[in-house]
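Thanks for coming, everyone. I have one structure for you today, so let me put it up and then walk you through it.

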Amino acid sequence: MKKLKTTAAEMVKAARSRIAEIETADLIGMLQDPNVVIVDIRDIRERQRSGAIPGSVHAPRGMIEFWVDPDSPYFKEVFGQEGKKYVFHCASGWRSALTVATLKDMGFEAAHLKEGFSTWAEKGGPIEEIKKK
């Protein structure tokens, strides 16, 4: 296989250098803040397998750019709230870093959970079960 010009790890490193990252313990401390919107970009199967952060919004990675864009026919009102702090997360922090960097390029301010959901439970974060529909 031909060597890639840029690897996924390099893209994540570049994204992390220009976005806001939140530590797991800090996000746990923000759970009761009504001005914080936690956005889970993991696949629905990941959420069903390992649960989710209570109250988090599920927004599949493939739709984020369209859901946050008020000019898109797919726009979701949850992303149009003034004065909210949006924190995106995936399983390990790679997808969410790329997502938040892309959103920043679009003019949408957000942060991401640095370690992703992978350390959430072990650091004392509550988990809600997601049932299959």
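**Charges, rings and a sheet**

Let me begin with a charge and a ring: Arg42 sits over the face of Phe117, 4.2 Å from the ring centre. By that I mean that NZ of Lys or CZ of Arg is within 6 Å of the ring centre and within 35 degrees of the ring normal. Lys76 does likewise with Trp67, lying over the ring face at 4.9 Å from its centre.

Before I go on, a word on what you are looking at. This is a predicted model, in which local features need pLDDT of at least 70 and side-chain atom pairs count only at pLDDT 80 or more, while totals for chains, interfaces and linings use all residues. Residues are numbered from 1 along each chain as its sequence is written, and side-chain values use heavy atoms, with hydrogens and water left out.

Now the overall fold. The chain has five helices and five strands, where helices (H or I, at least four residues) and strands (E, at least two) are DSSP runs numbered from the N terminus. Reading from that end, the elements go α-β-α-β-α-β-α-β-α-β. The radius of gyration is 15 Å, close to the 14 Å from the globule rule for 133 residues, so the chain is as compact as a globular protein of that length. For the record, that radius is taken over C-alpha atoms, and the rule is 2.2 Å times the number of residues to the power 0.38. The C-alpha trace spans about 45 × 35 × 30 Å along its principal axes.

Two strands pair if DSSP finds at least two bridges between them, and β4 and β5, which run parallel, are joined by two. Phe88 has His112 in β5 as its bridge partner.

Let's stay with Phe88. There are six aromatic pairs in the model, counting rings of Phe, Tyr and Trp (its six-membered ring) with centres within 6.5 Å; planes under 30 degrees apart are stacked, over 60 edge-to-face, and the rest tilted. Phe88 and Phe108 have ring centres 6.5 Å apart and planes at 80°, so this pair is edge-to-face. Phe88 belongs to strand β4 (residues 85–89) and Phe108 to the loop between α5 (94–106) and β5 (111–113), so the pair ties together parts 20 residues apart in sequence. Ring pairs also bring in Phe79 and Tyr86, making a cluster with Phe88 and Phe108.

The scale is: buried under 20%, exposed over 50%, partly exposed in between (1.4 Å probe, protein chains only).

Phe88 has another neighbour in Thr99 of helix α5. Leaving out residues up to four places away in sequence, Thr99 touches Ile41, Arg61, Ile64 and Phe88, contact meaning heavy atoms within 4.5 Å. Thr99 is buried too, with a relative accessible area of 1%.

And that's my tour; I'm happy to take questions.
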